[in-house]
Amino acid sequence: MIDPRLQTLRVLHELGTVTATAEALHLTPSTVSQQLRQLSARLGGLGLLEPAGRNVRLTPAALALVEHADALFTRWEEARADLAEYADGVAGRLRITGVATAITAVIAPAAARLREELPRLTVEIGEDPDENRFELLLSGRADIAVVIPAPDGPPPSSRLRSSREVPPPDDARFVQRPVLAEPQDLLVPAGHRFARCARQGVTLAEAGGESWIRAGDPADQHQLLLTACAGAGFTPRVRHHAVDWYAVASLVAHGFGIALVPRLAPVPEPYPVVRVPLRGEPLPVRRFVAAVRRGTEEQPPVARAMAALCAAAGDRE
């Protein structure tokens, strides 16, 4: 119902280059350029792009048009939600993207519940580690994204420029809802002095003199480590880092340091390591939010899936 060339302009604003826009929309760069020329002609020859080195950037008029397009797409999603009330049952395809631990903890259980309750609804799940999941939402390649906001909040720009950025909670294009709060534990060697505290736990301040391994995705876990340790009154001495939990467990087992690990992260059995819960304040917690395009939150498939995600999270608490 809305001119699809407006969506092309929105995605170009988001990604910054014609090539990236073409990849996101499964078009060729020449098709993207042609659509934008056609849109310019439709607007009476109004200039939408201007050179910026070897790339292009949106003109002030194009930026104003993007704001109107954002509002139009929100209203369209709201209209679809209203019209869905007249449909017979919940059917179609729903695409959910999320980080690996979110798939394990809430997405897979929620999708299994939807499969039983709504057999006409096809749910597709993807981890998409190399994608910005909000760009997937914006381009229509995903309907729900379960992500981890940065501990210190989002970057100052409301537009996404890297695969790791998360927009602020008040970004008008999205609705973001808390889903799950995941505590953090310490991972220590089996012979460590903390290993005998696996039941009662330790405070983070007690680990101030330890050597640390930066464990997991630096985009969220490293910042969470720094923030939590600062709250406990020290700066961690990070000596090593690894993303894969097998690698993390091996480093810890061989005495290269201790690590902060999410409660949902798997700890490989063969390694002589002990997971020790943290107690007291500050208590580091990793939070998951579920995000959708604004206006879609009341559409039956999305609304039912969001409820299933919250239910799956509640089952873990």
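In which sense, parallel or antiparallel, do β5 and strand β11 pair, and over how many bridges? Before I answer, a word on the basis of this talk. This is a predicted model, in which local features need pLDDT of at least 70 and side-chain atom pairs count only at pLDDT 80 or more, while totals for chains, interfaces and linings use all residues. Residues are numbered from 1 along each chain as its sequence is written, and side-chain values use heavy atoms, with hydrogens and water left out.

To the answer: β5 and β11, the latter covering residues 285-293, pair in the antiparallel sense over 3 bridges. Pairing here requires that DSSP finds at least two bridges between two strands. Within this pair, Ala145 has Ala291 of β11 as its bridge partner. β5 also joins strand β3, residues 92-98, through 3 bridges, and these two strands run parallel. There, Ile96 is the bridge partner of Ile144.

Buried means under 20% relative accessible area, exposed over 50%, and partly exposed in between, with a 1.4 Å probe and protein chains only. In a regular strand, side chains alternate between the two faces of the sheet.

Let me now turn to the whole protein. It has 9 helices and 11 strands, taken as DSSP runs numbered from the N terminus: H or I of at least four residues for helices, E of at least two for strands. Of the 317 residues, 47% are buried. The C-alpha trace spans about 75 × 55 × 30 Å along its principal axes.

Leu25 lies in helix α2, residues 18-25, and is buried, with a relative accessible area of 18%. Leaving aside residues up to four places away in sequence, Leu25 touches Thr8, Val11 and Ser139, where contact means heavy atoms within 4.5 Å.

Finally, the cysteines. How many disulfides are there? With a disulfide defined as a pair of cysteine sulfur atoms within 2.5 Å, the count comes to 0. Cys197 is in no disulfide, the nearest cysteine sulfur being that of Cys229, 17 Å away. Cys197 is buried at a relative accessible area of 16%, and Cys229 is buried at 0%.
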